[in-house]
Amino acid sequence: MPLPLRPELEGLLPYGAPQLDVPVRLNVNENPYPLADDVVADIAADVAVAARDLNRYPDRDFLALREDLAAYLAGEAGVRLAPEQLWAANGSNEVMLHLLQAFGGPGRTALSFAPTYSMYPEYARDTSTAWVAGRREADFTLDPTVAAAAIAAHAPSVVLLASPNNPTGTMLPVETIKAVLAAAALVPGGCVVVVDEAYGEFRRAGVPSALELLAQYPQLAVSRTMSKAFGLAGARVGYLAASSELIDALRVVRLPYHLSGVTQAVARAALRHAPALMAQVGSLRDERDACVAWLRERGLTVADTDANFVLFGTFDDRHAIWQGLLDAGVLIREVGPDGWLRVSIGTPDEMTAFKDALVEVAQL
């Protein structure tokens, strides 16, 4: 007897990058540095305390964590928010799903601009929201006039903007975000603009965060994650900053007790070590910029990046390059426009291994 699978899901495979056991893994934009011993000890101690109450449900509104996130953003971005303006979930993936559950749905549209994060259309699909992808320019920037025209044409209820963009690393200027917000304000029935700053901490010095616009634009939401800069990909903690009214809408659609007591303890312990963890971010920025320069010196095209990864190319047969690197023990990502490849920034030794393998495989 066949299963009554939704027709739009027939034949689809689950999302996911290859998880292969190779010496150098530079394919999913992880922080390559394990947590320091003192951070691990603090996390373990706090988890032990939380474990004593595992017979009870966790704080479903996790106000203490939201207070800690507000304090962190005040230091990192210089923007002071009330705890009620913060939300958290099982990675920024669940944050995005909450947004589409609250503001998308049948008869509504989500809009973004490709190439961009490949999970966005899946969030739309999973919430029965129509999906429209406009186009970025050849250099992966977003033309404000083109963006505004797409919003006027499709009247979306949600606009998703990754900044830095994945897989290109492109940061959106504040003026471009303002132009999108102005166009969204004209959509009948309203439109939420989500700026996804999953890689925000890796932006270059002097580049502002969209968090600075929150006070002016109540329809704006800014998503962040602790997976990248904090090196907590395994903890699954993403969060969102927005107006308290928008956050309250997400509280309606979230599953009860969606953020475990253990997860809350891990996140709060890590936030206490934010200054030390952000020092690693500086070294990764330096390694990224050195990688960009090295690739360009060898005649490759490289997208400008404010993230912890680099999109480079172009290759007539990018899969052959990817496979050759894998055969040499280096796993990167075959993603983005045809001909391009993406490498996450690793440790100096990992980056040396990547460069040596690329020279051999691509005959640079």
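## Cysteines

Cys 191 is buried, at 6% relative accessible area. Cys 291 is buried too, at 1%. Buried here means under 20% relative accessible area, with exposed over 50% and partly exposed in between (1.4 Å probe, protein chains only). The whole structure holds zero disulfides, a disulfide being a pair of cysteine sulfur atoms within 2.5 Å.

## Basis of the model

This is a predicted model: local features need pLDDT of at least 70, side-chain atom pairs count only at pLDDT 80 or more, and totals for chains, interfaces and linings use all residues. Residues are numbered from 1 along each chain as its sequence is written, and side-chain values use heavy atoms, leaving out hydrogens and water.

## Largest pocket

The largest pocket holds about 740 Å³ of space. A pocket is an open set of points on a 1 Å grid over the protein atoms alone, where a 1.4 Å probe fits, with protein on both sides within 12 Å along at least five of seven lines; lining residues have an atom within 4 Å of a point. Grid points are joined across faces, edges and corners, and the volume is the space filled by probe spheres set on them.

There are 33 lining residues, and Tyr 15, Val 28, Tyr 117, Lys 228 and Arg 236 lie nearest the centre. Helix H3 (91–103) and helix H4 (120–126) are the elements that give two or more residues to this lining. H3 gives the most, with four. Helices are DSSP runs (H or I, at least four residues), numbered from the N terminus. By class, the lining has 15 nonpolar, 10 polar and eight charged residues. Ala, Val, Leu, Ile, Met, Phe, Trp, Tyr, Cys and Pro count as nonpolar; Asp, Glu, Lys and Arg as charged; the others, Gly among them, as polar.

## Second largest pocket

The second largest pocket has a volume of about 350 Å³. It is lined by 18 residues, with Ala 50, Asp 59, Gly 261, Gln 264 and Ala 265 closest to its centre. Helices H1 (37–51), H2 (63–76) and H8 (261–272) each supply at least two. H8 gives the most, with five. The lining has 10 nonpolar, two polar and six charged residues.

## Nonpolar cores

The largest nonpolar core has 77 residues. Such a core joins buried Ala, Val, Leu, Ile, Met, Phe, Trp, Tyr and Cys residues through side-chain atoms within 4.5 Å. Leu 99, Leu 220, Met 226, Phe 230, Leu 240 and Leu 246 have the most contacts inside it. Leu 240 touches residues including Trp 87, Leu 99, Leu 246 and Leu 250, not counting residues up to four places away in sequence; contact means heavy atoms within 4.5 Å.

A second, separate core has 34 residues, among them Phe 202, Ala 229, Val 292 and Leu 358.
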